[in-house]
Amino acid sequence: MSVSSVKLRMLYIMKILLDKTDEAHPLSAADIDRQLGGYGMSADRKTIYSDIETLREFGLDIIQAKGTNGGYYVAEREFELAELKLLVDAVQSSKFISQKKSERLIKKLEALAGEHDARRLQRNVFIYNRPKSGNERIYHNIDQIHTAILENRQIQFQYVEWTVKKELKPKKGGAYYRVSPWSLTWSSENYYLIAYDDEADRIKHFRVDKMRHTGILEQERVGRQRFENFDLAEFSKKTFGMYGGRDEKVVLLCDNELVGVILDRFGREVMIMPVDEKRFRVHVQAAVSHQFFGWVTGIGSRMRIVGPEQVCQEYREYLGEILGMY
């Protein structure tokens with residue numbers, strides 16, 4: 001047998017063990033030989049034992065089960081079944097991944113489990129009755145952004161928004177945005193580009209699925225100094241879901257049952273200060289905007305803005321505008 005055939009046989013044995021075996025489904029040397037037949041190859045027991053030992057030396061965790069139904073199986077894999085289920089759930093629940101792409105990604109994840117665990121994984125896959133993006137261009141956008149970051153280049157793109165006719169229309173009359181990309185982040189079930197706009201001298205964020213005709217420019221990125229001490233987690237807490245406002249320290253008076261809501265929104269490092277047996281006070285860094293006020297309003301009488309006075313006045317005006325419509 002040629003050297004290339006020996007190497008190929010060993011690779012097929014590794015594939016057979018990864019695809020076909022687990023603790024409950026070991027394969028004997030004879031079973032492995034029968035599986036090799038499907039690839040137009042064969043090997044005696046001694047050869048299979050030798051190849052398995054070589055694969056062990058390579059690092060594959062192959063265990064030999066003793067007894068009547070004994071044989072060889074792969075014990076520890078790169079991903080445990082629970083880890084793969086976690087990844088599958090993330091793919092399924094993500095709005096920005098299209099249904100078609102979700103199905104392809106899940107199939108690839110199943111292939112990492114081996115056929116027996118893959119069947120168990122499939123039984124735990126449910127079809128979510130939720131909107132999924134139909135925009136396949138998001139993958140092109142992500143690829144372009146990653147390439148631009150690696151090559152230290154600026155990018156340009158058109159940015160779109162929905163019209164009342166349910167059509168996507170470019171903003172700014174179709175003019176191109178030109179920014180320096182520095183990071184990608186996933187927040188509130190959407191994928192965002194974090195970039196520096198040197199014309200506005202601001203760090204901005206853009207929904208990746210709303211970017212069109214994304215291209216890499218020759219100009220090098222700018223704004224590096226703005227990102228030297230940039231805290232993406234802090235930026236996300238203040239920005240996503242509370243868009244477009246100014247940063248300000250806001251004091252909230254809350255019922256005790258809202259502790260979890262505050263920690264989920266602003267992080268566990270905020271200081272909770274008890275006021276009495278039923279309420280607490282907290283200082284949070286928020287982007288003061290209509291979205292922030294809407295979030296406070298949605299919680300209702302269990303939360304009250306108590307400072308600073310300027311923010312309280314803006315909130316009263318916000319509520320007055322709404323009441324004036326009824």
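This is a predicted model: local features need pLDDT of at least 70, side-chain atom pairs count only at pLDDT 80 or more; totals for chains, interfaces and linings use all residues.
Reader: How many salt bridges does a search of the whole structure find?
Author: A salt bridge is counted here when a side-chain nitrogen of Lys or Arg lies within 4 Å of a carboxyl oxygen of Asp or Glu. With the whole structure searched, the number of salt bridges found is 13.

Reader: Which parts does the pair Arg9 and Asp51 tie together, and how many residues apart are they in sequence?
Author: The side chains of Arg9 and Asp51 meet in a salt bridge, at 2.6 Å from N to O. Arg9 belongs to helix H1 (residues 3-20) and Asp51 to helix H3 (residues 45-58), so the pair links parts whose separation in sequence is 42 residues.

Reader: What separates Glu53 and Arg56 in helix H3?
Author: Glu53 forms a salt bridge with Arg56, and their closest N and O atoms are 3.4 Å apart. Glu53 is partly exposed at 37% relative accessibility, and Arg56 is partly exposed as well, at 29%. Because the two residues are three apart in helix H3, what separates Glu53 and Arg56 is about one helical turn.

Reader: Is Glu80, in the negative surface patch, buried or exposed?
Author: The patch is formed by Glu76, Glu78, Glu80 and Glu83, and Glu80 itself sits in the loop between strand E2 (71-74) and helix H4 (81-93). Since its relative accessible area is 53%, Glu80 is exposed.

Terms used: Residues are numbered from 1 along each chain as its sequence is written. Side-chain values use heavy atoms; hydrogens and water are left out. Patches are made of residues with over 30% relative accessible area and no salt bridge: like charges are joined within 9 Å, nonpolar side chains (Val, Leu, Ile, Met, Phe, Trp, Tyr) within 5 Å. Accessible areas come from the Shrake-Rupley method with a 1.4 Å probe; for residues, only the protein chains shown count as cover. Lys and Arg count as positive and Asp and Glu as negative; His and the chain ends are not counted. The place of a charge is taken as NZ of Lys, CZ of Arg, CG of Asp or CD of Glu. Helices (H or I, at least four residues) and strands (E, at least two) are DSSP runs, numbered from the N terminus. Buried means under 20% relative accessible area, exposed over 50%, partly exposed in between (1.4 Å probe, protein chains only).
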